[in-house]
Amino acid sequence: MTTLLVLGATSRIARAICFELAGPNTMFLLAGRDDAELARCAADLRMRRDCTVVTRRFDALDSSSHSAWVDEWCEALGGAPHGVVVCHGYLPPGGSATLDAAEARQVLNVNLTSVVSILTPLADRMAAAQRGWIVGVSSVAGDRGRQSNYVYGAAKAGLSIYLQGLRNRLAAHGVHVLTVKAGFVDTPMLRNTVEELPALTVSPDRVARDVRRALRRGRNVIYSPWYWRVVMMVIKWIPERIFKHMRL
């Protein structure tokens, strides 16, 4: 039985990834804050993919509970999970994080600090087991700071660097770390921040297929969809003296 832990399991990207990775010999632990929504996700996954699914409440911001939470679940399973998917995130509407310090802290805590907090004990367990993989969903927003969302971008930039270092550390222990730099994805989080979906927006299913393919090929970092690598390369090439006057 392959055991997969999905953090932020009620997000649309997480659900799509579950459907892509599910199989008859797969056991999912779906973790998140909303017990009722977790139950609905679990029932849907069992019905559509005929796999074993359990749920457990997980509060990303309660960092003091994370080590015990990991220990409790790993002991119940008899070892570390074979795979971990980290999908929880927060993007406030209207660029409020650039004007409100409390909102900025929330963005940083949800998108970066909480991920480091939960992956630290998980990585220790997986390193000891000498196997497994971790998928961290980051964002192209972390490739360059833009006035419209630089706090969110800073959190995702930090996440990408953290995952890079974690990959470097865990490679010697047989654990693979995949960083997914997602572009615009049609999710409630994106719809809550824009009046209409931007060009190049894709479905969560597209990201999930990219994740499955990248895991199979042992990729380290992917842009999803692939063309965001080109888009961000162009944006990063713009000289700072010009870029600082652009409204992006």
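1. Ground rules. The model is predicted: local features need pLDDT of at least 70, side-chain atom pairs count only at pLDDT 80 or more, and totals for chains, interfaces and linings use all residues. Residues are numbered from 1 along each chain as its sequence is written, and side-chain values use heavy atoms, with hydrogens and water left out. Helices (H or I, at least four residues) and strands (E, at least two) are DSSP runs, numbered from the N terminus.

2. Helices α1 and α2. The axes of α1 (residues 12–21) and α2 come within 10 Å and cross at roughly 25°. Axes here are lines fitted to C-alpha atoms, for helices over the stretch in contact, and angles run from 0 to 180 degrees between N-to-C directions. The two helices are therefore roughly parallel (angles under 35 degrees; over 145 is roughly antiparallel, 65 to 115 roughly perpendicular, the rest oblique). Arg 15, Cys 18 and Phe 19 of α1 make the contact with Glu 37, Cys 41, Asp 44, Leu 45, Arg 48 and Arg 49 of α2. Contact means heavy atoms within 4.5 Å. By class, this contact has 4 nonpolar, no polar and 5 charged residues. Ala, Val, Leu, Ile, Met, Phe, Trp, Tyr, Cys and Pro count as nonpolar, Asp, Glu, Lys and Arg as charged, and the others, Gly among them, as polar.

3. Helices α3 and α4. α3 (residues 66–77) and α4 (residues 101–129) pack at about 40°, with axes 9 Å apart. Their contact has 6 nonpolar, 4 polar and 3 charged residues. On the α3 side, Trp 69 and Val 70 are among them; α4 contributes residues including Ile 118 and Leu 122.

4. Helix α8. Trp 228, Met 232 and Ile 235 are the buried residues of α8 (residues 228–237). Buried means under 20% relative accessible area, exposed over 50%, partly exposed in between (1.4 Å probe, protein chains only). Seen down the helix axis, these residues fall within an arc of 55°, so they line one face. The arc is that of the directions from the helix axis to the C-beta atoms. Their cover includes β7 (221–224) and α9 (240–243).

5. Backbone exceptions. Most residues other than glycine have a negative phi, and most peptide bonds are trans. The bond from Ser 224 to Pro 225 is cis, with omega near -5°. Pro 225 sits in the loop between β7 and α8.

6. Positive phi. Asp 50, not a glycine, has a phi of about 50°. Asp 50 lies between α2 (35–49) and β3 (52–57), and is exposed at 59% relative accessibility. Leu 200 has a phi near 75°. Leu 200 is in the loop between α6 (188–191) and α7 (204–217), and is partly exposed at 41%.
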